[in-house]
2 protein chains.
Amino acid sequence: MEAQNDIEENNKEFTEECTKLLMAMSDALYVIGGKWKLMIIIAMARGNNRFTELQKKVTGISARVLSSELKELELNGFIIKKVSVGYPVIIEYQLLPYSETLEEMVGAMTRWGMQHREKIKNDK
Amino acid sequence: MEAQNDIEENNKEFTEECTKLLMAMSDALYVIGGKWKLMIIIAMARGNNRFTELQKKVTGISARVLSSELKELELNGFIIKKVSVGYPVIIEYQLLPYSETLEEMVGAMTRWGMQHREKIKNDK
């Protein structure tokens, strides 16, 4: 009977852990999910701070989508939009310290992408 | 002049590294991107192997989408669909060793999700 309780207790913990992980993944995907946000962050971390630079660097993104992704990244506190006074007006996007919390995730994903490049190319 | 060349060389390397990282991220997102694949993998890694179990566990996913996501995960070699002989027929999905290569990424993303839960809740 005690063994049975132990098993049930373990199952319950296992189920709760699963739910917790799913919730965490869902939260992460809610904020940085989609095709573009992490790519924009990578491009910005390597010195592409103007809208046109970003659009050129992040291949395939349309101006409309880039604009809306930048707005969401700003809303979530990852980047800031800086508008210079003067003529011509210069608009630059800069990473905020909060974006550094993404480093582990970005590292893991790009490492995986590099390691599995050949297989992915064949699957495409 | 030499210094100028060094700067140009550094800039070139920097740009190439950026392109390489963007390509790797794009590859990774091509295979495991979207709202559901990594969540399905988490649920399967914790013993949910039947279609109905997965649908229950991965909150919000429709049967149609789950079915198509499972097919893609199978095509990409992360899981296998096992159909038992007998009556009733039992269909189970099992993780293949290739799915273990996702562990670092899944770990990084769920840790981030857990650490930033409060902020994400407030942003929602």
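Guide: This is a predicted model. Chain A is divided into domain 1, residues 1–32, and domain 2, residues 34–123.

Visitor: How far apart do the C-alpha centres of domain 1 and domain 2 of chain A lie?

Guide: The two centres are 33 Å apart. The bounds themselves come from an automatic or database domain assignment.

Visitor: What is the radius of gyration of chain A, and what would a compact globule of 124 residues have?

Guide: Chain A has 20 Å, whereas a compact globule of that length would have a value near 14 Å. The C-alpha atoms of chain A fill a box of roughly 80 × 40 × 20 Å along the principal axes.

Visitor: Which secondary structure elements does chain A have, and in what pattern?

Guide: There are 6 helices and 2 strands in chain A. Along the sequence they run α-α-α-α-β-β-α-α.

Visitor: Why is helix H2 of chain A called largely enclosed?

Guide: A residue counts as buried if 20 or more other C-beta atoms lie within 10 Å of its own. In helix H2 of chain A (residues 37–45), 7 of the 9 residues are buried, so the helix is largely enclosed by the rest of the structure. The buried residues are A:Leu38, A:Met39, A:Ile40, A:Ile41, A:Ile42, A:Ala43 and A:Met44. Over chain A as a whole, 28% of the 124 residues count as buried.

Visitor: What follows H2(A)?

Guide: A:Gly47 follows H2(A), and its phi is positive, near 85°.

Visitor: How many residues does each chain bring to the contact between chain A and chain B?

Guide: Chain B gives 36 residues and chain A gives 36 residues. On the chain B side, helices H1 (2–32), H2 (37–45), H5 (103–115) and H6 (117–123) each supply at least two residues. H1(B) contributes the largest share, 12 residues. By class, the side of chain B that touches chain A has 21 nonpolar, 8 polar and 7 charged residues.

Visitor: How do you know that the copies meet through the same surface?

Guide: Of the interface residues of chain B, 100% are also interface residues in chain A, so the surface is the same on both copies.

Visitor: What makes the relation between the two copies that of a two-fold rotation axis?

Guide: Two copies of a chain are related by a rotation about an axis and a shift along it. Here a rotation of 180° with 0.0 Å of shift along its axis superposes chain B on chain A, with an RMSD of 0.0 Å. The two copies are therefore related as by a two-fold rotation axis.

Conventions
Residues numbered from 1 in each chain as written. Chains lettered and ligands numbered in written order. Predicted model: local features only at pLDDT ≥ 70, side-chain atom pairs only at ≥ 80, totals over all residues. Helix = DSSP H or I, 4+ residues; strand = E, 2+ residues; numbered from the N terminus. Rg over C-alpha atoms; globule rule 2.2 N^0.38 Å. Buried ≥ 20, exposed ≤ 12 C-beta atoms within 10 Å, placed from the backbone. Contact = placed C-beta atoms within 7 Å. Nonpolar A, V, L, I, M, F, W, Y, C, P; charged D, E, K, R; others polar. Least-squares fit on C-alpha atoms with pLDDT ≥ 70 in both.
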